Amino acid sequence: MPNKATLTINSRNYSSWSLRGWLLARFSGLPFDTLVVPAGDAASRKELLLLSPSILVPCLRHQGVTVWDTLAIGEYLHEVRPQAGLLPHDRASRAHCRAICGEMHSGFGSLRAALPMNLKGDSPGFRVWERAQADIDRIVEIWQECLARYGGPWLFGDEPGMADAMYAPVATRFLTYHVGLDGASGGYASRLLALPEMVEWKQAALEEPAEIEELDMEF
Ligand SMILES: N[C@@H](CCC(=O)N[C@@H](CS)C(=O)NCC(=O)O)C(=O)O
């Protein structure tokens with residue numbers, strides 16, 4: 001049984017869920033290899049299904065355990081690497097953290113559809129429609145509430161954790177589509193983008209071959 005974990009992802013430029021899974025693994029400190037399976041083609045799907053019952057990425061394999069879906073991966077990593085503090089120590093803060101991670105995981109469909117993650121993209125003057133704007137307003141509210149309540153610089157305190165990994169792709173969207181942010185949320189978005197892990201991911205995304213056209217899948 002390979003000791004080192006493996007994380008399966010697809011496009012670094014487009015796949016926000018891959019980015020979330022990768023950040024969770026990096027923040028946990030668990031040593032892992034990254035396996036990129038190009039999105040969309042039949043051969044990759046077949047390969048993915050050999051690795052996991054779900055064709056969706058990210059998917060983590062560790063010591064014989066296969067776990068997919070970012071929330072499940074985050075909870076699993078918190079169990080195997082509790083010292084990393086992916087989830088807050090305090091029960092009430094942990095509940096709050098799980099609630100906002102769940103909101104990102106299941107919500108903000110208008111934002112995700114209208115402002116797809118595209119690290120190579122740059123769209124000044126991009127028109128944000130009402131529903132996507134409502135999602136943006138709610139996300140900014142979440143960020144400001146956490147930063148005010150837990151003191152920053154990350155959503156639940158001193159170190160980046162599960163909530164920061166779940167919201168990091170949103171910061172890239174705000175940059176790509178020039179969504180103006182002020183005060184605390186602007187500073188937080190800049191901190192996310194300046195994280196060494198995010199700089200590394202973006203560099204690899206920029207080097208990704210541009211053969212991926214518009215894909216009919218949710219990113
Ligand atoms: N709920 C899942 C969403 C995962 C997801 O939608 N992944 C996309 C890539 S970002 C995927 O694997 N798409 C592949 C496909 O639809 O073939 C999670 O939290 O991980």
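Where is the place of His178? I found His178 in the loop between α7 and α8 (183-194). Helices here are DSSP runs of H or I with at least four residues, strands are runs of E with at least two, and both are numbered from the N terminus.

Ground rules next. I am reading a predicted model, where local features need pLDDT of at least 70, side-chain atom pairs count only at pLDDT 80 or more, and totals for chains, interfaces and linings use all residues. Residues are numbered from 1 along each chain as its sequence is written, and side-chain values use heavy atoms, with hydrogens and water left out.

**Positive phi**

I checked the phi of His178, which is near 55°, a positive value in a residue other than glycine. His178 is partly exposed, with a relative accessible area of 43%. Buried means under 20% relative accessible area, exposed means over 50%, and partly exposed is in between (1.4 Å probe, protein chains only). Asp69 is not a glycine either, yet its phi is positive at about 75°. I placed Asp69 in the loop between β4 and α3. Asp69 is partly exposed, at 33% relative accessibility.

**Sheet**

I traced 4 strands in an open sheet, ordered β2-β1-β3-β4, with mixed pairing. Two strands pair if DSSP finds at least two bridges between them. β2 (32-36) and β4 (65-68) stand at the edges with a single partner strand each, so one side of each has no neighbour in the sheet. Neighbouring strands are turned by 20° against each other on average, direction ignored. Axes are lines fitted to C-alpha atoms, for helices over the stretch in contact, and angles run from 0 to 180 degrees between N-to-C directions.

β1 (residues 5-9) pairs with β2 in the parallel sense over 5 bridges. Ile9 has Val36 in β2 as its bridge partner. β3 and β4 run antiparallel, joined by 4 bridges. Cys59 stands opposite Trp68 in β4. These two strands, β3 and β4, form a hairpin with 2 residues between them. In the turn, Gln63 has a positive phi of about 50°.

**Helix α3**

I followed α3 (residues 70-80) across β3 (59-62) and β4; the helix runs at about 135° to β4. Which residues of α3 are buried? Thr70, Ile73, Gly74, Tyr76, Leu77 and His78 are. The buried residues of α3 pack against α1 (16-28), β3, β4, α4 (91-106) and α7 (162-176). Contact means heavy atoms within 4.5 Å.

**Cis peptide bonds**

I noted a cis bond from Val57 to Pro58, with omega near 0°. Pro58 is in the loop between α2 and β3. The bond from Gly152 to Pro153 is cis too, with omega near -5°. Pro153 is in the loop between α6 and α7.

**Leu147**

I looked up Leu147 in helix α6 (residues 130-150). Leu147 is buried, with a relative accessible area of 10%. Beyond residues up to four places away in sequence, Leu147 touches Gly152, Pro153, Trp154, Leu155, Ala184, Tyr188 and Arg191. Val179 is 32 residues from Leu147 along the chain, and their C-alpha atoms are separated by 20 Å.

**Leu49**

Leu49 lies in helix α2 (residues 42-51). I recorded Leu49 as partly exposed, with a relative accessible area of 46%.
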